[in-house]
Amino acid sequence: MTDYVQEQEMEIEALEAILMDEFKEIHSSESGLNTSNRCFQITISPQEEDEEFTQSSVRLALIFSHTEKYPDEPPLLNVSSLKGIHSGDLKILKEKLEQEAAENLGMAMIYTLVSSAKDWLSERFAQETDEGVEDDEAKKEEVIVPHGEAVTVETFLAWRERFEAELALERAKLMPDAALSVSKEKKLTGRQWFESGRASGKAAAATAEESDEDVDDIDFDDDDFEDDEEEDMLEHYLAEKTDSSSHS
C-alpha cells in the first residue's frame, strides 16, 4: 500500500533543499485554493542563463497543495503574478501545468511543473522582447525626409545666380595667369585703346581697312565704356585733331 503522506513529505524536503529561498509555506487563505491542507508557494523567474532577464521584469508564484492521494492524483494548482504578468497569460500557464500534471501521475511532479513554468516564462517573454527589439530596429531604419523651404521661381533664380557666380570664380582661380593677361589685352577700355599705338596713323588706317570686313565680328560691350572714360576719349580725340590741323 502506498504511503502518500510519506511521499509528500519527502517531496517537500527535496523542494526546500533545491529551491531554498524560492520555496515557502503559506496559509491556505492566501493560496486561492479550495483546501485547508498545507499550501506552498514557489517563486519563479525566467531561466537564469537568459541574459535578457538578468534583472527580470517578470516573476510569478506557483502555488500548490497535495491532495489526499497525490501523486496518484494531480495536486491543486494556482499561479499568480508577482511582477509584470497579465491574467490572460496566467490562465494559459495554469491550463498548461494542469495538463502536464495529468500526464505525470504516479510520480512526484512538482519540480517538473516548476521547470516547465520557468521554460514557458522564458519563451513567452523572450519572444515579446525580440519583437520589441525588431520594432526599435525598424524605427531606426525608417527614412526621415526633411521638410525644407518650398522652392519658388524667385528662390531658384537667386540660387542660380549665386551658383553661376561661384562657378565663374572657381574657373578664374583655375585659369593660368597667361590666359588672364591675354584676355585683358584683348579687351581694352576706350581710353586704353586711344592711348595705345593703335589709334595713330598706320594702325588707324589698318583698322579702317579691316573694319568693312570684320564689322560684324566686333562685339562692343557697353560695360567696357564708363561715363568718365567716354569723356576722356573725346578730349583725347579732339586734341589729336587739333595737333594734326596745326601741323598741316
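Strands E1 and E2 run antiparallel and are joined by four bridges; strands here are DSSP E runs of at least two residues, helices are H or I runs of at least four, and both are numbered from the N terminus. Two strands pair if DSSP finds at least two bridges between them. The model is predicted, so to speak of local features takes a pLDDT of at least 70 and side-chain atom pairs count only at pLDDT 80 or more, while totals for chains, interfaces and linings use all residues. Residues are numbered from 1 along each chain as its sequence is written, and side-chain values use heavy atoms, with hydrogens and water left out.

**The sheet**
- Four strands make up an open, antiparallel sheet in the order E1-E2-E3-E4.
- E1 and strand E4 (76–83) stand at the edges with a single partner strand each, so one side of each has no neighbour in the sheet.
- From one strand to the next, the twist averages 25°; axes are lines fitted to C-alpha atoms (for helices, over the stretch in contact), and angles run from 0 to 180 degrees between N-to-C directions.

**Helices across the sheet**
- Helix H1 (residues 4–19) lies across E1, E2 and E3 and runs at about 130° to E1.
- Helix H3 (residues 87–103) lies across E3 and E4, at about 145° to E4.

**Aromatic rings**
- The structure holds three aromatic pairs; rings of Phe, Tyr and Trp (its six-membered ring) pair if their centres lie within 6.5 Å, and planes under 30 degrees apart count as stacked, over 60 as edge-to-face and the rest as tilted.
- Phenylalanine 23 and phenylalanine 40 have ring centres 5.4 Å apart and planes at 20°, so this pair is stacked.
- Phenylalanine 23 sits in strand E1 (residues 23–26) and phenylalanine 40 in strand E2 (residues 39–44), so the pair ties together parts 17 residues apart in sequence.
- Phenylalanine 40 and phenylalanine 64 also form a stacked pair, because their ring centres are 5.4 Å apart and their planes at 25°.
- Together, Phe23, Phe40 and Phe64 form one aromatic cluster.
- Phenylalanine 23 and phenylalanine 40 are buried, and phenylalanine 64 is buried too, with a relative accessible area of 0%; buried means under 20% relative accessible area, exposed over 50% and partly exposed in between (1.4 Å probe, protein chains only).
- Elsewhere, arginine 124 lies over the face of phenylalanine 125, 5.3 Å from the ring centre; the criterion is NZ of Lys or CZ of Arg within 6 Å of the ring centre and within 35 degrees of the ring normal.

**Loops and backbone**
- Tyrosine 70 and proline 71 are joined by a cis peptide bond with omega of about 15°, and proline 71 is in the loop between E3 and E4.
- Methionine 20, in the loop between H1 and E1, has phi near 55°, a positive value in a residue other than glycine.
- Methionine 20 is exposed, with a relative accessible area of 58%.

**The chain as a whole**
- The protein chain has nine helices and four strands, in the pattern α-β-α-β-β-β-α-α-α-α-α-α-α along the sequence.
- Of its 248 residues, 24% are buried.

Methods. Contact means heavy atoms within 4.5 Å.
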